[in-house]
Amino acid sequence: MQVSIDKAGQQQPAAGEQPLEEVDEGKEYLDARFIGSTEACHKLFGFKMHTRYPAVYQLEVHTPNGQTVTLRPGDLQRCAGTEPPSRLEGWFKLNTSAVGLDTNSTSYLYHEIPEHYSWDASERTWVPRTKNVREPTVGRMWYVHPNGEDKERYFLRLLLTIRPGMKSWEDCRTVDSRTYATFKEACDAST
C-alpha cells in the first residue's frame with residue numbers, strides 16, 4: 001500500500017486504494033472488555049456503580065506544631081509562620097468556644113465530631129451540620145503506628161479516642177487536674 005501526504009500534512013491513499021480508517025483504541029478497549037453478570041444487572045437496573053457512602057472525614061493526628069502543611073509555589077513567603085489551623089486544632093477551638101453556649105460539642109470525641117459538625121475549609125472551623133443531617137458521616141483518624149518514630153503522636157491518638165471535649169494541647173496532657181509533660185504519661189495516668 002502506498003500513501004501520499006498532501007500539502008496540509010494529511011495522509012491520502014494512493015490511487016485505486018481504500019481510504020485509511022481511523023482507529024480509536026480507547027473505544028475498542030471499552031467495547032472489548034468483559035462485563036460480569038453482577039455489573040450487567042447493576043447497569044440494567046440503573047444502580048450506581050460506584051458510591052462513596054457514608055462520607056468519611058480524614059482527621060489529622062499531629063503533635064503541637066507538627067501538622068502537615070501543603071504549599072503551592074509562591075505561598076512560602078506569604079504564609080511564613082502563619083500555619084492555618086488543622087481539624088484537630090479546630091476541634092480545640094470549637095470546644096473552647098462552646099463553654100458558655102448551648103452546645104454539645106464538648107461531649108463528643110474527636111472522631112465523632114463529623115457526625116454533628118462540618119469542616120468549613122475556607123474559614124478553617126467546625127460549623128454545625130445543616131445539609132444532609134440524616135446522612136451518616138464517619139470521622140477517621142489517621143493511623144499512627146505504636147512502634148513508629150513519633151510515639152507521642154500514638155499516645156495522643158489514644159487520648160483522643162477516650163477523652164471528649166479537650167480544649168488545648170495542655171488539656172490533652174491534663175488528667176485529674178494534673179498536667180503531665182508528655183502524652184504518654186497522660187495516657188498512662190488515664191488508665
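What share of the contacts in the protein chain with a separation of 6 or more comes from residues 24 or more positions apart? The share is 54%, where contact means heavy atoms within 4.5 Å. This is a predicted model, in which local features need pLDDT of at least 70, side-chain atom pairs count only at pLDDT 80 or more, and totals for chains, interfaces and linings use all residues. Residues are numbered from 1 along each chain as its sequence is written, and side-chain values use heavy atoms, with hydrogens and water left out.

**Overall make-up**

- The secondary structure of the protein chain comes to eight helices and eight strands. Both are DSSP runs numbered from the N terminus: helices are H or I with at least four residues, strands are E with at least two.
- The protein chain has 191 residues, and 26% of them count as buried. Buried means under 20% relative accessible area, exposed means over 50%, and partly exposed lies in between (1.4 Å probe, protein chains only).

**Helix 4 and N95**

- Helix 4 is largely enclosed by the rest of the structure, because eight of its eleven residues are buried.
- The buried residues are R87, L88, E89, G90, W91, F92, L94 and N95.
- Their cover includes strand 3, helix 5 (113-116), strand 4, strand 5, helix 6 and helix 7 (169-172).
- N95 lies in this helix, which spans residues 87-97. Its relative accessibility is 0%, so N95 counts as buried.
- Leaving aside neighbours within four places in sequence, N95 touches S105, T106, G165, M166 and K167.

**Helix 6 against helix 8**

- Two packed helices are described by the angle between their axes and the distance between the axes.
- The axes of helix 6 (residues 151-162) and helix 8 (residues 183-190) come within 8 Å and cross at roughly 40 degrees. That makes helix 6 oblique to helix 8.
- Axes here are lines fitted to C-alpha atoms, for helices over the stretch in contact, and angles run from 0 to 180 degrees between N-to-C directions. Angles under 35 degrees count as roughly parallel, over 145 as roughly antiparallel, 65 to 115 as roughly perpendicular and the rest as oblique.
- Helix 6 passes helix 8 in a left-handed crossing. In a left-handed crossing the near helix is turned anticlockwise from the far one by less than a right angle; clockwise is right-handed.
- From helix 6, E152, F155, L156, L158, L159 and I162 take part; they meet F183, K184, A186, C187 and S190 in helix 8.
- The residues of this contact divide into eight nonpolar, one polar and two charged. Ala, Val, Leu, Ile, Met, Phe, Trp, Tyr, Cys and Pro count as nonpolar, Asp, Glu, Lys and Arg as charged, and the others, Gly among them, as polar.

**Strands 4 and 5**

- Strand 4 (residues 117-120) and strand 5 (residues 125-128) run antiparallel, joined by four bridges. Two strands pair if DSSP finds at least two bridges between them.
- Y117 stands opposite P128 in strand 5, and S118 stands opposite V127.
- Side chains alternate along strand 4.

**Strands 3 and 6**

- Strand 3 and strand 6 pair in the parallel sense over five bridges.
- Q58 stands opposite R140 in strand 6.
- Strand 6 (residues 137-141) has a covered face of T137, G139 and M141. Its uncovered face holds V138 and R140.

**V61 in its loop**

- V61 sits in the loop between strand 3 (55-59) and helix 3 (75-79).
- V61 is buried, with a relative accessible area of 0%.
- Leaving aside neighbours within four places in sequence, V61 is in contact with M141, W142, V144, R153, L156, R157 and L160.
- V61 and S86 are 25 residues apart along the chain, and their C-alpha atoms are separated by 9.2 Å.

- R124 has phi near 60 degrees, a positive value in a residue other than glycine. R124 lies in the loop between strand 4 and strand 5. At 27% relative accessibility, R124 counts as partly exposed.
- D176 has phi near 50 degrees, again a positive value in a residue other than glycine. Its place is the loop between strand 7 (174-175) and strand 8 (178-179). D176 counts as exposed, at 73% relative accessibility.
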